[in-house]
Amino acid sequence: MPPFDVRFRRFTSLNTTIRLREGRLHVRLSDLLEQAPESVHHAIAHILIAKIYKKPIAPFHADRYRRHVSSEAVSRQAEHIRQTRGRKRILTHEGHYYDLNEVFDTLNTRFFHGLLGRPVLTWSAHHARRMLGHYDAAHNTIVVSRVFDRPDTPRAAVEYLVYHEMLHLKHPVRVKAGRRCVHSREFQAEERLFPHLDEAKAYLRRL
């Protein structure tokens, strides 16, 4: 095993990286992990070494690491450093063809009785096709890919994307038995209430 150079960095997330350079393994970890229990450090070491040497990761170590980073205390700390250290690029809610604030307000009235507080809404900087939309809880921001801001995009598709992210606003991520539950049963049940769900999903599949 080559020598290690292990350092903790002020990352904006729970990053862990390992690289082999000039006969030395360089490991960089989020400073949020510095005070983790020794068993978690062992798990991280196993996972990173297994990855760089393309070996299977033992389920025990994977589960130990996942339970630690998914715990309520660590999740709360991770959210805090994202808010205080991270930067969110905010462009504009006004597109060439769709105004995201107007879409949000319409959906809020139609499906949520106007009770959802409006987060920051913005079009993405690029015409992304993989990340079509996301809700960033740390910055209370909904981002929609600019690929949808064009005249041939059905309004149902834009509304569905915003509606989906609004459900994340209403149903925050929960941790159950050490696992993050992103789309709960309640979330999925409300998503099925969107009247043009099949039409919107069919359009997204064609992108």
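Here is a quick tour of this predicted model, from overall layout to cores and helix packing.

Residues are numbered from 1 along each chain as its sequence is written, and side-chain values use heavy atoms, with hydrogens and water left out. Since this is a predicted model, local features need pLDDT of at least 70 and side-chain atom pairs count only at pLDDT 80 or more, while totals for chains, interfaces and linings use all residues.

**Overall layout**

The protein chain has seven helices and eight strands, taken as DSSP runs numbered from the N terminus (helices: H or I, at least four residues; strands: E, at least two). Its C-alpha atoms fill a box of roughly 60 × 35 × 30 Å along the principal axes. Of the 207 residues, 40% count as buried, meaning under 20% relative accessible area, with exposed being over 50% and partly exposed in between (1.4 Å probe, protein chains only).

**The cores**

A nonpolar core here is a set of buried Ala, Val, Leu, Ile, Met, Phe, Trp, Tyr and Cys residues joined through side-chain atoms within 4.5 Å. The largest one has 30 residues, and Leu100, Leu107, Val144, Phe148, Val162, Met166 and Leu204 touch the most other members.

What does Phe148 touch, leaving aside its neighbours within four places in sequence? Phe148 is in contact (heavy atoms within 4.5 Å) with Tyr98, Trp123, Leu132, Thr153, Val158, Leu161, Tyr203, Leu204 and Leu207.

**Helix 4 against helix 5**

The axes of helix 4 and helix 5 come within 10 Å and cross at roughly 65°. That makes helix 4 roughly perpendicular to helix 5, a label that covers 65 to 115 degrees. Residues of helix 4 at this meeting include Leu100, Phe104, Leu107 and Phe111, and those of helix 5 include Val158, Val162, Met166 and Leu167.

**Two sides of helix 2**

In helix 2 (residues 59-69), His61, Tyr65, His68 and Val69 are buried. They cover an arc of only 90° around the axis (using directions from the helix axis to the C-beta atoms), which puts them on the same side of helix 2. On the other side, Pro59 and Phe60 are exposed.

Key: Axes fitted to C-alpha atoms, helices over the stretch in contact; angles between N-to-C directions. Parallel < 35°, antiparallel > 145°, perpendicular 65-115°, else oblique.
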